[in-house]
Amino acid sequence: MSRIPFDPNAPILLFECVLEFKSRHIFIMALDSGSSYTIISEAAATQVGYGLSKISEYVSFSNASQSHLVPKVTLNSFSLADAKIDNLDVLIYTLPEEHGIDGVIGLNFLRHFNIGLDFEYGILTLDRLG
Amino acid sequence: MEILDVPEVEKQYPDEWLWFEVYETDELNRPIKGKLLAHSPSRAALDEFMNKRVGVYHHTYRIYTGPKPKKGMAVVL
């Protein structure tokens, strides 16, 4: 089981996440169980090795205000602390700069775990299923 | 540039986007030691710098050191 600290008073729950494709990079992402997919910024996708102009698969997704047609790619792995999922599909979409993050951790990652959010002590637990 | 304590460097550049090459992480994959490659208050400026160096660095870390989201802003992701 992974036990990962977070700031229980923060407006969004932030975590260092490791993205691996051709290389391995760490970006700050927000936990968002309301997002069906994990989303990474264009800068993150480019840095791990995706050529954005060469991506052929696109997915339509909607957020609170509008719909977007965005690229979908498969990372070799995605890790939150020592909780690692191989071959995770992610959407590439850059959130507004005011958010200060490079993506969101969505349900397609979270559903591999039983998750717990302890707001008294600021601890996220991820217990791998199976 | 020398290898430095990443959390300490973050404190020196408030409200900026920072990009490090990572040399050491803790057990939760959080960066501990690294070299500051670039910093800017502008995300676009840092994006441009990073895009010119794709494939050069194989383990990096990017963070915005200001409030997330910006003060006074509520977020619906």
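Predicted model: local features only at pLDDT ≥ 70, side-chain atom pairs only at ≥ 80, totals over all residues.
Two strands are said to pair if DSSP finds at least two bridges between them. Helices (H or I, at least four residues) and strands (E, at least two) are themselves DSSP runs, numbered from the N terminus. Residues are numbered from 1 along each chain as its sequence is written, while chains are lettered from A and ligands numbered from 1 in the order in which they are written.

I begin with chain A. Chain A holds 2 helices and 10 strands, and from the N terminus on their order is β-β-β-β-α-β-β-β-β-α-β-β. Its radius of gyration is 14 Å, close to the 14 Å that the globule rule gives for 130 residues, so chain A is as compact as a globular protein of that length. Here the radius is taken over C-alpha atoms, and the rule is 2.2 Å times the number of residues to the power 0.38. The C-alpha trace of chain A spans about 45 × 30 × 25 Å along its principal axes.

As for burial, 36% of the 130 residues of chain A count as buried. A residue is buried if 20 or more other C-beta atoms lie within 10 Å of its own, exposed if 12 or fewer, and partly exposed in between, with C-beta atoms placed from the backbone. Contacts are defined on those placed atoms as well: two residues are in contact if their C-beta atoms lie within 7 Å. Among contacts in chain A between residues at least 6 apart in sequence, 59% join residues at least 24 apart.

Next, the strand pairing. One open sheet of chain A consists of 3 strands in the order β1-β10-β9, with antiparallel pairing. Its edge strands are β1 (2-5) and β9 (113-118), each of which pairs on one side only. Neighbouring strands of this sheet are turned by 15 degrees against each other on average, direction ignored; the axes behind that angle are lines fitted to C-alpha atoms. Within the sheet, β9(A) and β10(A), residues 123-128, run antiparallel and are joined by 6 bridges. One of the bridge pairs sets Gly116(A) against Thr125(A) in β10(A).

Which strand of chain A is largely enclosed by the rest of the structure? It is β3(A), residues 24-31, because 6 of its 8 residues are buried. β3(A) runs antiparallel to β2(A), residues 14-20, with 7 bridges between them, and the two form a hairpin with 3 residues between them. In that pairing, Glu20(A) stands opposite Arg24(A). β3(A) also runs parallel to β8(A), residues 103-105, through 2 bridges, with Ala30(A) opposite Val104(A). Across the chain boundary, β3(A) pairs in the parallel sense with β4(B), residues 59-64, over 4 bridges. There the bridge partner of Arg24(A) is His59(B).

The largest nonpolar core has 45 residues, of which Cys17(A), Leu19(A), Met29(A) and Ile105(A) touch the most other members. Such a core is a set of buried Ala, Val, Leu, Ile, Met, Phe, Trp, Tyr and Cys residues joined through C-beta atoms within 7 Å. Not counting residues up to four places away in sequence, Cys17(A) touches Ile26(A), Phe27(A), Met29(A), Phe78(A), Ser79(A), Leu80(A) and Ile105(A).

Is Val70(A) buried or partly exposed? Val70(A) is partly exposed, because 17 other C-beta atoms lie within 10 Å. Beyond four places in sequence, its contacts include Tyr58(A), Phe61(A) and Leu91(A).

Finally, chain B and the interface. Chain B has 2 helices and 4 strands, arranged as β-α-β-β-α-β from the N terminus on. Of its 77 residues, 25% are buried. The contact between the chains takes 25 residues from chain B and 29 residues from chain A. On the side of chain B that touches chain A, the elements giving two or more residues are α2 (43-51) and β4 of chain B, and β4(B) gives the most, with 6 residues.

How values were computed: Axes fitted to C-alpha atoms, helices over the stretch in contact; angles between N-to-C directions.
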